[in-house]
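User: I'm new to this one and would like a quick tour. Could you show it to me first, and then we'll chat through some questions?

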Amino acid sequence: MSRLKVAAALAAFALMATGCAVEDAPPASSAAPASGAKLSGSLTVVCGAIEEVCAAWTKGFEAKTGVKTSFVRLSSGETVARLAAAKAAPEFDAWHGGPADGYGAAAKQDLIEKYVSPNAAKIPDKYKDKDGFWTGVYVGALGFCSNQKILKEKGVDVPDSWDDLLDPKLKGQVATAHPSTSGTAFTLLWTQVVLRGGENQAIDWMKKLHVNVLQYSKSGTAPGQTAGRGEVAVGMVFSHDCVLYKERGMTDLVVSFPKEGTGYEVGGVGLIKGAKNAANAKAYIDYVLTAEAQEIGPTVGSYQVLTNPDAKVDSRMVKLSDVNLVNYDFEKSAAAKKDLTARFDAEVAAQPKS
Amino acid sequence: MSVATPPRGDAGAQAPASSARVKKSVDVPTIIVTTAVIAILALLIVYPLVRILVMAISPAGSAVVAKMFTSPVNQRIVLNTVILGTVVGAIGTLVGFLMAYVQVRVDVPGKKVLHLLSLLPVVSPPFAVATAVITLFGRRGMITHGLLGAETNIYGLTGLTLVMVLSFFPVAYMNFRGLLSSLDPALDEAAANLGANKWHTFKTVTLPMLVPGFASSFLLLFVESIADLANPLVIGGDFTVLASRIYIAITGEYDVPSGAAYSLVLLLPAMLVFLVQRYWVSRKSVVSVTGKPAGKPALLDTGARWPLYAASLLVVGLVALIYITVIAGAFTKILGINNQFTLDNFKYVLSGIGNESIKDTTILALIATPIAGLIGMLIAWLVVRKMKRGAAWLDFLGMLGLAVPGTVVGIGYAIAFNTPLIWQKRMFLPALGGGAAMLGGAIAIVMVYVIRSIPPGQQSGIAALKQIDPSIDEASASLGADSVTTFRTVTLPLIRSAFLTGLIYAFARSMTTLSPIIFITTPQTQIMTKQILSEVDAGRFGNAFAFCTLLLGIVLSVMGLLTLLVRDRRGAGRVSVGGGL
């Protein structure tokens with residue numbers, strides 16, 4: 001009897017193991033023309049901005065076109081890892097928000113497809129990829145996010161120069177993220193390369209700063225919160241994050257910029273390779289580049305500078321004309337990233353702080 | 001009552017040919033259960049891990065592994081990881097033991113409160129405990145700066161140890177509590193009759209019988225602390241450990257192969273500790289339970305109880321302080337900065353954006369809980385009682401879901417389950433996760449919950465079973481019951497306390513898992529922990545704390561229900577079963 005049972009169990013397993021027959025994979029959806037035809041069906045966006053703005057963007061598109069639009073919020077690294085994991089059958093159609101270097105990495109791994117929207121013509125050239133893999137939707141400038149109360153306690157003025165951060169009175173009072181994990185912190189590092197004329201000089205300056213750094217956090221926005229709590233006097237973040245935290249209740253915060261010039265990020269939008277709803281995705285990209293869609297940002301706490309020159313400027317945004325932006329070469333910085341962050345790890349982060 | 005033990009066969013670590021009593025009968029139901037458990041583990045963890053670890057063998061991955069042993073930066077990271085695991089494992093186990101000992105064996109007032117507060121940190125939503133600790137003990141902490149005027153630096157090993165010990169000690173507590181209350185007091189009485197004082201009895205009778213408890217608790221805490229990611233991210237400072245290095249590689253450097261290689265390295269210390277504890281326990285195992293204990297243990301009532309009491313009050317005091325901070329945070333704008341009372345956080349969280357995630361997460365966790373609890377007990381039973389060879393392997397397989405950082409599990413799941421497995425035009429597995437899968441990818445989420453939640457129950461089960469004399473099973477078998485019936489009617493009731501530990505942990509852990517979920521969430525499945533992260537990112541700490549408070553409420557209610565359900569209904573047992581809730 002027991003033998004019978006075993007045999008039955010084995011047979012069941014064998015059946016399971018043979019699997020079910022499947023039809024040939026359906027042909028990849030033919031790339032429909034971007035405009036003209038009436039849109040229908042659905043769209044899934046992977047979104048790298050803050051939750052509310054993702055929700056508002058997708059809702060805006062749905063209202064305009066009737067395409068059922070949903071989103072998942074992921075950081076750039078998570079997006080690239082997740083896209084690479086299911087390359088053959090992508091779950092997403094478009095990618096919106098998050099720094100351009102993520103789009104660069106995705107293009108290199110063949111995860112996104114070129115698409116130049118007719119609406120991209122309006123966007124200044126320095127805010128879009130020359131190969132057409134991504135188009136910029138917003139710009140954020142790196143700034144100092146300081147806690148006025150702590151600065152006063154320490155007897156230090158609001159910093160307006162990079163070298164102000166080296167003040168011995170600020171020992172352990174500066175927060176920045178780690179350039180390997182955070183695009184923000186890498187922007188800081190590359191800005192020093194540009195300003196100081198080379199990688200060696202940049203590493204040297206970071207070594208001096210190191211003495212004053214409390215910790216290199218993993219998340220790029222954390223330094224703003226650390227400063228907001230008064231754990232440190234100055235945090236280095238994109239200025240729109242600092243404005244947001246101040247608005248949310250960390251009222252001691254104040255934004256300032258280094259007069260020598262600062263770096264910036266461009267948030268992108270792009271088309272996922274092999275997207276099931278490619279036509280809808282293209283229409284979405286067209287939509288988010290319009291002034292109308294870009295103006296949604298500041299209504300839900302997103303105070304980045306908008307790339308469409310026709311979009312209304314909100315008073316809480318930085319005026320780029322007031323800030324000295326360095327000449328930031330995204331391609332060159334992306335190519336240098338791996339070695340430069342490894343140098344940072346070995347020569348800066350590993351040093352004792354006294 | 002076998003106090004002095006013959007070297008009893010320990011789960012086939014070395015097959016004891018000499019011991020004739022431990023006859024491991026092999027019957028068909030056992031074979032079916034074994035096959036099923038192995039098949040489930042193979043699908044839930046081995047397959048996704050193999051898919052991702054294959055990447056570590058790529059040139060990029062091997063370069064990372066090679067550099068691991070030559071670069072001083074990397075050596076430091078490995079060293080930090082081992083230090084963290086050892087410190088948290090040791091302190092957490094001791095704290096858990098202290099709390100359990102005071103609970104079961106010491107005559108002091110207010111034990112119910114002690115018990116509840118010791119269980120509370122089972123629910124530690126990512127970010128909540130670490131943020132509360134920073135609010136209290138940071139440089140501008142309400143206690144360290146506000147009360148004491150000091151500027152302390154909590155970031156780094158100190159803060160990590162504090163946060164992790166407080167978050168992880170409850171599993172050791174529950175483990176020891178089960179073990180201590182099932183020890184037969186007759187042994188202590190015998191020792192006392194022979195003239196031993198309390199300390200001597202404790203040292204020579206009680207402690208040796210708890211060796212499996214110490215070993216399994218240490219292992220669990222070690223593995224859990226080195227694979228934890230959320231805490232190192234918030235409070236780790238410059239103290240980089242492998243888990244955070246993996247995160248850097250994957251999310252910062254867009255380099256999954258390197259991340260896979262680092263996680264391979266991370267498995268080494270985990271495996272080493274695992275082997276050492278198995279070896280150690282197998283040499284020291286003392287069987288002490290031959291059925292239900294008779295008689296009440298004499299409670300410690302000498303002066304020695306007061307320092308123990310004080311220490312345990314300190315622990316629960318800290319726990320209480322931290323959870324009060326979390327709850328207070330839910331009712332203020334930004335705790336520590338703007339302490340104005342407000343209900344806005346709850347209004348916001350309950351007005352749509354949160355409702356759905358609360359519902360989805362709770363349902364998925366409730367599905368995963370019994371599955372994880374049962375698999376944990378089955379593994380424990382197979383490992384201790386049934387398997388000769390391969391017991392160690394099965395034990396380790398069950399631990400894998402916890403030993404591998406969530407980020408790696410998540411990517412493994414995305415690779416393995418977000419697309420259907422098709423080979424030669426035959427589909428062996430439909431897509432279980434991701435937006436294209438059925439049920440909006442909910443199946444993969446339940447699978448992740450299960451695999452991440454098995455280990456605590458499994459380890460408690462193993463520790464509990466090792467205490468129990470196999471002759472009870474044999475009696476059942478010789479009366480004609482097959483082994484599955486024996487498991488159901490004899491073994492499971494005896495290890496009910498461990499089963500409850502497993503269930504409670506499974507639910508709490510499912511509700512608080514974050515890092516693997518990131519790679520398999522879809523628009524259709526809203527997960528609470530992800531919402532918490534979003535709120536933190538957006539600087540709305542009040543909302544994040546409100547979410548954590550709701551999560552705490554849900555888990556505590558379910559814990560209470562589970563305790564009632566699994567309670568010994570016959571009411572005969574003084575083996576109080578995780579009761580008192």
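User: Is Thr206(B) buried or exposed?
Analyst: This is a predicted model, where local features need pLDDT of at least 70, side-chain atom pairs count only at pLDDT 80 or more, and totals for chains, interfaces and linings use all residues. Residues are numbered from 1 along each chain as its sequence is written, chains are lettered from A and ligands numbered from 1 in the order in which they are written, and side-chain values use heavy atoms, with hydrogens and water left out. Thr206(B) lies in helix 9 (residues 198–209) of chain B; helices (H or I, at least four residues) and strands (E, at least two) are DSSP runs, numbered from the N terminus. Its relative accessible area is 2%, and under 20% is buried, over 50% exposed and in between partly exposed (1.4 Å probe, protein chains only), so Thr206(B) is buried.

User: Which residues is Thr206(B) in contact with, leaving aside neighbours within four places in sequence?
Analyst: Contact here means heavy atoms within 4.5 Å. With those neighbours left aside, Thr206(B) is in contact with Arg105(B), Leu180(B), Leu183(B), Asp188(B) and Thr201(B).

User: How many residues of helix 10 of chain B are buried?
Analyst: Helix 10 covers residues 211–227 and reaches 24 Å from its first C-alpha to its last, close to the 24 Å expected at 1.5 Å a residue. That expected span is 1.5 Å times one less than the number of residues. The helix is largely enclosed by the rest of the structure, because the buried count is 16 of the 17 residues.

User: Which residues touch the most other members of the largest nonpolar core?
Analyst: A nonpolar core is a set of buried Ala, Val, Leu, Ile, Met, Phe, Trp, Tyr and Cys residues joined through side-chain atoms within 4.5 Å. The largest has 289 residues. Ile235(B), for one, touches residues including Ala130(B), Ile154(B) and Leu160(B), not counting residues up to four places away in sequence. Those touching the most other members are Ile52(B), Met99(B), Ile235(B) and Tyr413(B).

User: At what angle do helix 16 and helix 22 of chain B cross?
Analyst: Residues on the helix 16 side of the contact include Thr361(B) and Met377(B), while helix 22 brings Phe499(B) and Leu503(B), among others. The axes, which are lines fitted to C-alpha atoms over the stretch in contact, with angles from 0 to 180 degrees between N-to-C directions, come within 8 Å. They cross at roughly 145 degrees.

User: Over in chain A, is Asp110(A) buried, exposed or partly exposed?
Analyst: Asp110(A) is found in the loop between helix 4 (100–108) and strand 5 (112–113) of chain A. Its phi is near 65 degrees, a positive value in a residue other than glycine. Because its relative accessibility is 37%, Asp110(A) counts as partly exposed.

User: How far apart in space are Gly220(A) and Asn200(A)?
Analyst: Gly220(A) sits in the loop between strand 8 (213–217) and helix 8 (222–228) of chain A, and is buried at 14% relative accessible area. In sequence, Gly220(A) and Asn200(A) are 20 residues apart. In space, C-alpha to C-alpha, they are 24 Å apart.
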